[in-house]
Amino acid sequence: MRSATGSEPLGSPWLRVAISAVGLLLVAGALAAGFLSRGRVPEDFIRPDRERSLARFRLTDRTGRTVTEAELRNRFAIVSFVFTSCGTTCLRVSRQMAALQHQLAASNDVQLVSLTVDPRTDTPDVLNRFAAKFGADTNRWLFLTGPKDAVLPLIETSFLVRETIAGEAAMPGDFAHMERLAVVDRRGDVRAYFDGLNTNTPAAVLAFLDRLRKEELR
């Protein structure tokens, strides 16, 4: 039965659907507003698989000098994983690190670190030539190598899972997710990983560092 004006009655199925849709939109809007008002934003990083912290180490930088974990103490670190014979992934990841070096030029509380997963090949001289392709500043961006039995256990303990995939060519070190960038806080705890192949990653890392700085002030 229609109303006196000829419009659909309140009990019309179409009207009920429209009212329900509007209601859902209002609820979704309210939830989103509440979500943002609490300062929470969707996470664009990957959490560590377990609690991970920077282990003690004594390695050699591309300049030939000895570097230990003490050099990173009380600073944030952004860590990547490379091998110089890589022709694709490592180059793309290193470009993201170069972008971060540029954007962090005024931030003295952040150190960039690239660890080789192929220390037998990647001597300091080899790493130095590789680093030069990306304009790496010797003070702001370390490229570290050393004995295999020192470098690989450090990466496995502090950062990446070792994973051999049947049927695929083995990567140096057999580490999974080598394309990731790890963010280490001032206490030496690994807080997050970012996709080193994503061109949006430098901006995401900078936002995460700001978040960690604010967290320290609480």
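## Helix H5 and its buried face

In this predicted model, the buried residues of helix H5 are Thr201, Pro202, Ala204, Val205, Phe208, Leu209 and Leu212. Viewed down the axis of H5, these buried residues fall within an arc of 155°, so they line one face of the helix. An α-helix has 3.6 residues a turn, so residues three or four places apart point the same way. On the other side of H5, Ala203, Lys214 and Leu217 are exposed.

The cover over the buried residues of H5 includes strand S3, helix H2 (89-103), strand S4 (110-116), strand S6 (180-184) and strand S7 (190-195). As for its length, H5 comprises 17 residues, 201-217, which at 1.5 Å a residue should span 24 Å, and the 25 Å between its end C-alpha atoms agrees with that expectation.

## Overall architecture

The secondary structure of the protein chain consists of five helices and seven strands, and from the N terminus on these elements follow the order α-β-β-β-α-β-α-β-α-β-β-α. The chain has 218 residues, of which 39% count as buried, and its accessible surface comes to about 12500 Å², with 55% of that belonging to carbon and sulfur atoms. Among contacts in the protein chain with a separation of 6 or more, 70% are accounted for by residues 24 or more positions apart.

## The seven-stranded sheet

The seven strands form an open sheet with mixed pairing, in the order S2-S1-S5-S4-S3-S6-S7. Strands S2 and S7 are the edge strands, each pairing on one side only, and neighbouring strands of this sheet are turned by 35° against each other on average, direction ignored. Within the sheet, S3 and S4 pair in the parallel sense over seven bridges, with Ser114 in S4 as the bridge partner of Ser80. By contrast, strand S1 (residues 58-61) and strand S5 (residues 141-145) pair in the antiparallel sense over two bridges, and Thr60 has Thr145 in S5 as its bridge partner.

H2 lies across S3, S4, S5 and S6 and runs at about 160° to S3.

## Strand S4

How many residues of S4 are buried? Seven of the seven are, so the strand is largely enclosed by the rest of the structure. In a regular strand the side chains alternate between the two faces of the sheet. In S4, Val110, Leu112, Ser114 and Thr116 point one way, whereas Gln111, Val113 and Leu115 point the other way, and all are buried.

Asp109 is placed in the loop between H2 and S4. With a relative accessible area of 17%, Asp109 is under the 20% cut-off and therefore counts as buried. Not counting residues up to four places away in sequence, Asp109 touches Arg75, Phe76, Arg186 and Arg213.

Glu69 is found in another part of the chain, the loop between strand S2 (66-68) and strand S3 (76-82). Glu69 is likewise buried, having a relative accessible area of 16%. Leaving aside neighbours within four places in sequence, Glu69 is in contact with Leu54, Ala55, Arg56 and Phe57. The C-alpha atoms of Glu69 and Leu59, which are ten residues apart along the chain, are separated by 9.1 Å.

## Loop residues with positive phi

The loop between S2 and S3 also holds Asn74, whose phi is near 65°, a positive value in a residue other than glycine. Asn74 is exposed, its relative accessible area being 55%.

His177 lies in the loop between helix H4 (148-158) and S6, and it too is a residue other than glycine with a positive phi, near 60°. At 41% relative accessibility, His177 counts as partly exposed.

Definitions and conventions: Residues numbered from 1 in each chain as written. Predicted model: local features only at pLDDT ≥ 70, side-chain atom pairs only at ≥ 80, totals over all residues. Heavy atoms only, no water. Helix = DSSP H or I, 4+ residues; strand = E, 2+ residues; numbered from the N terminus. Buried < 20%, exposed > 50% of the residue type's maximum accessible area, 1.4 Å probe, protein only. Contact = heavy atoms within 4.5 Å. Areas by Shrake-Rupley, 256 points an atom, 1.4 Å probe, with all protein chains shown as cover. Expected span 1.5 Å × (residues − 1). Arc of directions from axis to C-beta. Pairing = 2+ DSSP bridges. Axes fitted to C-alpha atoms, helices over the stretch in contact; angles between N-to-C directions.
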